[in-house]
Amino acid sequence: MVDKHISSQFDAELSRISTQVLEMGGVVESQLQQVLYALSHLSAETCTQVLEIEDKVNRLEVQIDHDISSTMSRRQPTARDLRLLVGTSRLIINLERAGDEICTIAKMLKSTLDNGMPRSLPTTELRVAGSLAADLLHQSLDSYARMDVKSALAVIKGDEAIDVEHEGLTRKLLTYMMEDPRTISSGLNLLFLARAIERVGDHASNIAEAVIYIAKGADVRHTTEAEREAAIK
């Protein structure tokens, strides 16, 4: 993923950081797949398993952050390598936050199931949005592994599809709650859950922006589609 340096030890440090990032990404992806399984099968037990993984994600973030800081202080990296380290730091922050959102989904879903979720409430849209978020997260991590800016750009565009699903589900849940007050408690939980799924998509998009920054040196946060297209040329 990175060019060779005169110091083989420096190369080894950068390679280790990249490997740890992908390991962390794999753990967060696993969490997301498990919570989607819990949503499809209405499994409170699987929600508990998702929450048990959170400590591993946090430990990996702390370790990677330490390694990045250590490398920056000892190696005095050039502009290219500094960009790699800074961009990777941005990336793991968003990975950890995606993991937090997944834990929020697990907590909300477990609470809803424990209290008896009305079967009339819509969950199909939640599963669709969750699958979209899982695809985007996987694609963003793959774009990092390959430093593929076109794939990263596609992730940013794809986040809009999750936003559309979220808006549609919000309207539907509000309608259910107005028509049947007995669904209000569970409906509110599902609204928060839907928001958390949408946020996972946002973090995947942020990871993709970090990839573009690492690969091209362009900061595409808060830019238009045209500006992002120009940045990767």
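User: What does buried mean for a residue such as Cys103?

Analyst: Buried means under 20% relative accessible area. In this predicted model, Cys103 has a relative accessible area of 1%, so Cys103 is buried.

User: Is Cys47 called buried or exposed, and what makes it so?

Analyst: Cys47 has a relative accessible area of 0%. The limit for buried is under 20%, so Cys47 is buried.

User: Why are helix 5 and helix 6 given the orientation they have?

Analyst: Helix 5 covers residues 124-146 and helix 6 covers residues 149-179. The two pack at an angle of about 165 degrees, with axes 9 Å apart. Angles over 145 degrees count as roughly antiparallel, and therefore helix 5 and helix 6 are roughly antiparallel to each other. The crossing of helix 5 past helix 6 is left-handed.

User: Which residues of helix 5 and helix 6 meet, and how do they divide by class?

Analyst: From helix 5, the residues in contact include Leu126, Val128, Leu132, Leu136 and Arg146. Among those they meet in helix 6 are Val155, Gly158, Ile162, Leu169 and Lys172. By class, the contact has 12 nonpolar, 5 polar and 5 charged residues.

User: What makes helix 6 and helix 7 antiparallel or parallel?

Analyst: Their axes come within 9 Å and cross at roughly 170 degrees. The cut-off for roughly antiparallel is over 145 degrees, so helix 6 is roughly antiparallel to helix 7. The residues of this contact divide into 21 nonpolar, 5 polar and 7 charged.

User: Where is His203, and why is it called buried?

Analyst: His203 is in helix 7, residues 184-216. Its relative accessible area is 2%; buried means under 20%, so His203 is buried. Leaving out residues up to four places away in sequence, His203 touches Asn94, Arg97, Ala98 and Glu101.

User: How do you know whether Gln20 counts as buried or exposed?

Analyst: Gln20 has 13% relative accessibility. With the limit at under 20%, Gln20 therefore counts as buried. Gln20 is placed in helix 1, residues 8-41. Apart from residues up to four places away in sequence, Gln20 touches Gln63, Ile64 and Asp67.

User: What is noted about the phi of Leu42?

Analyst: Most residues other than glycine have a negative phi. Leu42 is not a glycine, but has a positive phi of about 50 degrees. Leu42 lies in the loop between helix 1 and helix 2 (44-52).

User: Why is Leu42 called partly exposed?

Analyst: Partly exposed is the range between the buried limit of under 20% and the exposed limit of over 50%. Leu42 has a relative accessible area of 32%, so Leu42 is partly exposed.

User: What phi does Met147 have, and why is Met147 called buried?

Analyst: Met147 has a positive phi of about 50 degrees and is not a glycine. Met147 is in the loop between helix 5 and helix 6. Its relative accessibility is 19%; since buried means under 20%, Met147 counts as buried.

Terms used. Residues are numbered from 1 along each chain as its sequence is written. This is a predicted model: local features need pLDDT of at least 70, side-chain atom pairs count only at pLDDT 80 or more; totals for chains, interfaces and linings use all residues. Side-chain values use heavy atoms; hydrogens and water are left out. Axes are lines fitted to C-alpha atoms, for helices over the stretch in contact, and angles run from 0 to 180 degrees between N-to-C directions. Helices (H or I, at least four residues) and strands (E, at least two) are DSSP runs, numbered from the N terminus. Angles under 35 degrees count as roughly parallel, over 145 as roughly antiparallel, 65 to 115 as roughly perpendicular and the rest as oblique. A crossing is left-handed if the near helix is turned anticlockwise from the far one by less than a right angle, and right-handed if clockwise. Contact means heavy atoms within 4.5 Å. Ala, Val, Leu, Ile, Met, Phe, Trp, Tyr, Cys and Pro count as nonpolar, Asp, Glu, Lys and Arg as charged, and the others, Gly among them, as polar. Buried means under 20% relative accessible area, exposed over 50%, partly exposed in between (1.4 Å probe, protein chains only).
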